[in-house]
Amino acid sequence: MSYPKGTIVRNSTLTRVNHWITGLCFVLLTLSGLAMFHPVFFWLSNLFGSGQWMRALHPWLGVTLIVSFLGLFIQFWRDNLWNRDDVEWAKSLDKVLDNREEEVPPVGRFNAGQKVVFWGMALILPVLFVTGILIWEVYFGGATSIETQRVAVLIHSLGAIGAILIWITHVYAAIWVKGSMRAMLHGWVTPGWAHRHHRKWFQRLVATGSPGPTPDSTAKFREH
Amino acid sequence: MADLQSQDYIRRSATNLTPPSVRHHELEVAKLIDVSRCIGCKACQSACMEWNNLRPEMEEFNGAYENPHDLNPGTWTLMRFAEYEDEQGNLEWLIRKDGCMHCEDPGCLKACPAPGAIVQYANGIVDFISENCIGCGYCVKGCPFNIPRISAQDHKSYKCTLCSDRVGVGLEPACVKTCPTGAIMFGSKDDMKDWAGERIAELKERGFQNAGLYDPPEVGGTHVMYVLHHADKPSLYSGLPDKPHISALVGAWKGVLKPLALAGLAFAAVSAFVHSIVSGPNETTEADEARARAEMEKAKRNGSAES
């Protein structure tokens with residue numbers, strides 16, 4: 001994949017493909033999950049052919065999602081480790097929300113908000129996977145007691161609502177911060193974007209002469 | 001299927017609107033199972049299979065007369081046999097016809113996410129409308145009596161219909177019609193309670209001091225009731241729940257979380273929209289690009305100075 005001259009690679013092709021598989025699964029799971037959660041959303045079952053089809057597809061989408069998310073986790077966890085910069089950034093959240101980003105302390109590849117999204121999903125999705133297995137009627141309906149399944153379905157619903165709330169934040173942030181969508185669709189950002197939103201990441205790339213997304217990946221590339 | 005009409009619904013699963021009920025002079029019905037008169041012949045079990053065209057697999061003998069060993073998608077009613085030794089050391093054979101209790105407050109209906117897959121008619125019968133069933137198994141979690149079973153063939157949930165198709169045209173359920181001892185009676189709920197009262201008085205005369213009617217108020221009463229000789233200990237009868245109630249977990253899930261979650265999601269979406277129109281987009285400016293270019297050139301100069 002070639003990127004426009006003078007730009008910085010924010011997300012590799014692998015990351016992007018991986019992200020959108022996860023995203024597609026998540027959206028379909030949200031639509032089918034909400035349809036099975038609240039009657040006002042039941043009409044969404046028509047998107048899947050019928051209620052029966054939706055019920056049959058939902059768990060398979062979940063299995064795909066968890067595998068896909070594992071790929072994202074492996075690619076992203078290191079840059080999502082919490083550090084001192086995040087505390088400083090979080091303290092300036094009011095300025096962030098007000099678009100006065102010049103006054104906000106610089107951060108690395110991800111800011112505290114993005115890290116909360118990452119770890120929130122990393123925590124909730126496995127819980128949804130496990131509780132989802134327990135209430136997967138076709139294969140595991142008889143595997144556990146009904147009481148266990150009652151607990152599982154309650155946790156599954158709670159977790160799903162949590163994940164959807166995080167997802168709304170994630171999507172809105174991508175719409176709000178211009179250039180983010182392109183970063184995940186086509187992979188690149190302008191140097192100004194990187195400087196404005198992720199200055200320490202930008203400076204690290206400049207210092208190592210790396211085209212992005214991380215200095216490490218370039219270092220490995222250079223060995224060959 | 002000779003279905004009762006939708007105007008007769010008083011409850012409909014996953015539906016926020018109350019169904020219309022034009023015909024409001026509907027008598028509440030009940031099936032009364034007098035355990036003390038049951039001889040365990042299983043005629044009711046056979047009649048149920050015959051009327052509903054069910055042919056469940058015969059299972060192996062496991063030391064008791066139960067066969068199959070549990071309710072299943074093709075066994076909507078099952079004779080359960082329990083051997084009980086009372087205080088005097090006498091053996092009592094407690095035989096109970098198990099099946100849907102047709103709760104006044106049905107947990108299955110409360111849990112069901114598919115609109116109209118579970119309905120309750122004005123006469124009190126709780127019915128599964130199979131064409132609307134999606135096979136999720138939520139009714140199993142909602143039921144306090146462990147009754148619904150999901151078919152592995154068509155992935156739909158099945159249970160006793162109280163022969164709603166027969167009752168709809170003025171006939172009694174098949175099990176009632178076939179019972180040779182009159183242990184199963186059918187009629188208006190009030191009549192059944194009166195009849196049960198007489199039977200209970202007789203049982204008490206015979207020495208069953210704790211004889212009584214099983215019509216558990218925790219689920220608003222049921223439209224299938226038992227006359228028990230040991231009404232103080234229903235669990236003696238192959239685990240009939242002493243105090244059946246819709247699980248608090250199901251209440252939290254369907255009662256509390258549903259509206260709360262909807263409000264939370266709406267709040268999040270509206271907040272995002274409000275932020276968008278108040279603060280607007282966060283855009284990278286030409287000044288940002290200039291600052292970035294300056295840093296990149298500085299780094300390049302330092303790099304070339306080193307080499």
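A: Three bridges link E1(B) and strand E5 (residues 118-121) of chain B, and the two run antiparallel. Strands and helices here are DSSP runs, numbered from the N terminus: helices are H or I with at least four residues, strands are E with at least two. Two strands count as paired if DSSP finds at least two bridges between them. This is a predicted model, in which local features need pLDDT of at least 70, side-chain atom pairs count only at pLDDT 80 or more, and totals for chains, interfaces and linings use all residues. Residues are numbered from 1 along each chain as its sequence is written, while chains are lettered from A and ligands numbered from 1 in the order in which they are written.

Q: Which residue stands opposite Tyr9(B)?

A: Tyr121(B), in E5(B), stands opposite Tyr9(B).

Q: In what order do the three strands of the open sheet lie?

A: Strands of a sheet pair through backbone hydrogen bonds, in a parallel or an antiparallel way. In chain B the order is E1-E5-E6, with antiparallel pairing. Strand E1 (9-12) and strand E6 (126-128) of chain B are the edge strands, each pairing on one side only. On average, neighbouring strands of this sheet are turned by 30° against each other, direction ignored; the axes are lines fitted to C-alpha atoms.

Q: Is His230(B) buried, exposed or partly exposed, and why?

A: A residue is buried if 20 or more other C-beta atoms lie within 10 Å of its own, exposed if 12 or fewer, and partly exposed in between, with C-beta atoms placed from the backbone. His230(B) is partly exposed because 19 other C-beta atoms lie within 10 Å. His230(B) sits in the loop between strand E11 (224-228) and helix H7 (248-279) of chain B.

Q: Which residues is His230(B) in contact with, leaving aside its neighbours within four places in sequence?

A: Contact means that the C-beta atoms of two residues, placed from the backbone, lie within 7 Å. On that basis His230(B) is in contact with Asn210(B) and Leu236(B).

Q: How many helices and strands are in chain A?

A: Chain A has eleven helices and two strands, running β-α-α-α-α-α-α-α-α-β-α-α-α from the N terminus. Of its 224 residues, 37% count as buried. Its C-alpha trace spans about 60 × 45 × 30 Å along the principal axes.

Conventions
Axes fitted to C-alpha atoms, helices over the stretch in contact; angles between N-to-C directions.
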